[in-house]
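Trainee: I'd like to walk through this protein with you, one question at a time. Could you keep it simple and show me how you get to each answer?

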Amino acid sequence: MIFTCFRFIASLTLICAPGLSADGFSPQTSFKSTTTTTTNNINNNNSKDERKRFPFLPSRPLFRSMCLTANTQLAASTSSSTTVLEVQTKPIPGMKPGTSGLRKKVEVWQGTDPDTSYKYYLENFIQSLLDTAKAKNNGEIPHTIIVAGDGRYYNVEAIQLICKVLAANGVANIWVPQTGIMTTPAVSAAIRVRESGKCQGAIILTASHNPGGPGEDFGIKYNLEYGQPAGEDFTDEAYQRSLEISSFWTLEGSKDFDIEAEVGSEFVLNDSSTVTIIDPYEEYVETLKSCFDFDALRSFSKRPSFSLLFDGMHGAGGPFAKRVLVDELGLPETSLMRCNPLPDFGKGHPDPNLIYAAGLVGKMGLLPDGSADPDVDLSSVPTLGAANDGDGDRNLIAGAGCFVTPSDSLAIICDNWDAIPHFSKAGGPRGVARSMPTSAALDVVATARGIPCFQTPTGWKFFGNLMSSKELFGKKDYTPFLCGEESFGTGSDHIHEKDGLWAVLAWLSILTKANKDIAEDAPLIHVRDIVKKHWERYGRHFYCRYDYEGVDSDAANSVVDLIRNEYIGGESTVDETGIKFVQAEEFAYSDPVDGSQASQQGLIMSFEYPNGDGARVVFRLSGTGSAGATIRMYLEKFEQDPEKHDKAAPVALKTLADRAIAMVKMAEITGRDAPTVIT
């Protein structure tokens, strides 16, 4: 008995001694300490081998109870040389988030840009976000925050710096995905689901579809406790705080934690804050399984006549596509292309459109304008093609020889809601929404289906209030909710974010249902068949977008001012093409949920063709770039005649585009004879 007690006390002393993890072992399950004087690594995964080698170890619950006091002392001793430091700083201009966070050239964030040389750019912005989050949380710092990124250049270094700022500000639980890479939709799912929704927010390191690498873009956005992007009330307050900040808090003497450590590993940064390495996939995959019938999708995917090709564009979405499409649905790994994340996205532009996803587009039997390539045998082309952007929240959908515009995709998903369990279990969506520049194809379906339809400004945060109408504001419940943007974003209330992989599974579900009664040896109903049937019923909304990127900011504003001054309230005119300019207006939005107002959200120029068909051109300055200004021109024309539905959209809209470009004097003001990209 004496010997047994002695051995137990000796083991407890050994386990709880400074320099060892709280379980007594490093992640490598050896007695060699991996801790430092600033970081205590706690491995939460005692192996069976350890139990065999050390049978005297008490069970985990008992051990935790006995070592609670010892662990507290250990945290203090291992962080004794780590100090919370208040660093004096000055406000930095221009930290106003756009439609989805703050984006700048990576050198600005690093403090190495020769034109700015802001020493504490990253720390200033994070402190401003935390101060705002604290103010919105009744004066209390959020206790649990996720820090994750899309894997672009500077991702890991920024995560380490941010965690030090969070710890110094008293954030108790900091969750970081293994490797630091996590898609935006997966972060949203983890906020909502992990530990019963314990998380109060997330700092997401992404510039979305913008390029990455030295000289390219880096960005940060903040998501709130229901998984949705921070609204304008939050971002405006954070911006105001950035103009007043005089100091930030960080840790001095704290070494970096092992971001590659096993899932469940914990690192004590100081007496009050711990980093936990989490599984980036778990909550997201379970959320998708709640939305779709994985058994049915798995069965359909095994059909010999079906094939899928997914382009991860070297972004964060690649590993998630593998986890879902290959590991869960059983598709072969040959279904994946460019699914390994790279800091510079393989020197590509991770924007899933016809230009930047050219490799996928060609493999789907398509020309750069989205029309079918007559020289390609479509029988050899994959049934379904898809692509993700840098952080996995956008999508491109294509069938063999058929590009599906984001606007059409949204409308077709709405019309086929009964193929998607997330909607069918509730009898269909209770609300749908689109951003104002997105085509009205959704409106036509919603009217026919009797579903409330909303038109919002660009930016997913505007959908957030509609999704959260009941849970946040106690108002009408619009869930299940479907929404999307023309900029290749589609999603629902399952995570309160746009979700690229969700859209792929939605289309896979539509194909599964359409082919339910088709014999195994019979030709499949393809994407193009579904799209053409939709156009025959509802008419086609020809749609495309011209982007003028990197335009001088003054010139871009001059184009917008010209439209305001000359065409709002101006006279109707007809030119030699016969296309009549009807009127111009500036879009403003009154939020039906919280009553907030958003003005100057885009300029709409309405036109009419000689046969009476309506058309419109929308101009707005994008908030997603990091330098200069991007002028976006959105073109839409309705066509009821099925005989004209097969035209390529850029061809069908060319005359309208030329008319609008001439009216706003694009070339004269900006010096641009052509757009940077047409999608």
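Trainee: How much of α6 is buried, and why can we call it largely enclosed?

Mentor: First, some ground rules: this is a predicted model, where local features need pLDDT of at least 70, side-chain atom pairs count only at pLDDT 80 or more, and totals for chains, interfaces and linings use all residues. Residues are numbered from 1 along each chain as its sequence is written, and side-chain values use heavy atoms, with hydrogens and water left out. Buried means under 20% relative accessible area, exposed means over 50%, and partly exposed is in between (1.4 Å probe, protein chains only). The rest of the structure largely encloses α6, because its buried residues number eleven of the 14.

Trainee: Which residues of α6 are the buried ones?

Mentor: Helices here are DSSP runs of H or I with at least four residues, strands are runs of E with at least two, and both are numbered from the N terminus. Helix α6 covers residues 155-168. Its buried residues are Asn155, Ala158, Ile159, Gln160, Ile162, Cys163, Lys164, Val165, Leu166, Ala167 and Ala168.

Trainee: What span does α6 reach from its first C-alpha to its last?

Mentor: The expected span of a helix is 1.5 Å times one less than its number of residues. For the 14 residues of α6, 20 Å is expected, and the helix comes close to that, reaching 20 Å.

Trainee: What is the phi of Met313?

Mentor: Met313 belongs to the loop between β11 (308-311) and α11 (317-328). With 2% relative accessibility, Met313 is buried. Its phi is positive although Met313 is not a glycine, and the value is near 55°.

Trainee: Which two residues does a cis peptide bond join?

Mentor: Look in the loop between α17 and β18 (481-485), where Pro480 is found. Omega there is about 0°, and the two residues joined are Thr479 and Pro480.

Trainee: How many disulfides does the search find?

Mentor: A disulfide is counted when a pair of cysteine sulfur atoms lies within 2.5 Å. Take Cys414, which is buried at 0% relative accessible area: its sulfur has its closest cysteine sulfur in Cys453, and 7.8 Å is too far for a bond. Cys453 is partly exposed, at 30% relative accessibility. Over the whole structure, the number of disulfides is zero.

Trainee: What is the order of the strands in the open sheet of seven?

Mentor: Two strands pair if DSSP finds at least two bridges between them. In this sheet the pairing is antiparallel, and the order is β22-β23-β26-β27-β28-β21-β29. The edges are β22 (573-574) and β29 (677-678), each with a single partner strand, so one side of each has no neighbour in the sheet.

Trainee: How many bridges join β21 to β28?

Mentor: Strand β21 has twelve residues, ten of them buried. Across in β28, Tyr543 has Glu636 as its bridge partner, while Arg545 faces Tyr634. The strands run antiparallel, β21 over residues 540-551 and β28 over 629-639, and the number of bridges is ten.

Trainee: Which residue in β29 is the bridge partner of Asp547?

Mentor: β21 pairs with β29 too, in the antiparallel sense over two bridges. The partner of Asp547 in β29 is Val677.

Trainee: How much space lies in the second largest cavity?

Mentor: On a 1 Å grid over the protein atoms alone, a cavity is a set of points where a 1.4 Å probe fits but cannot get out, and lining residues have an atom within 4 Å of a point. Grid points are joined across faces, edges and corners, and a volume is the space filled by probe spheres set on the points. The lining has 16 residues, with Gly101, Lys221, Tyr222, Ala230 and Thr235 nearest the centre. The space in this cavity is about 110 Å³.

Conventions
1 Å grid on protein atoms, 1.4 Å probe; cavity = no way out; pocket = protein on both sides within 12 Å on 5 of 7 lines; lining within 4 Å.
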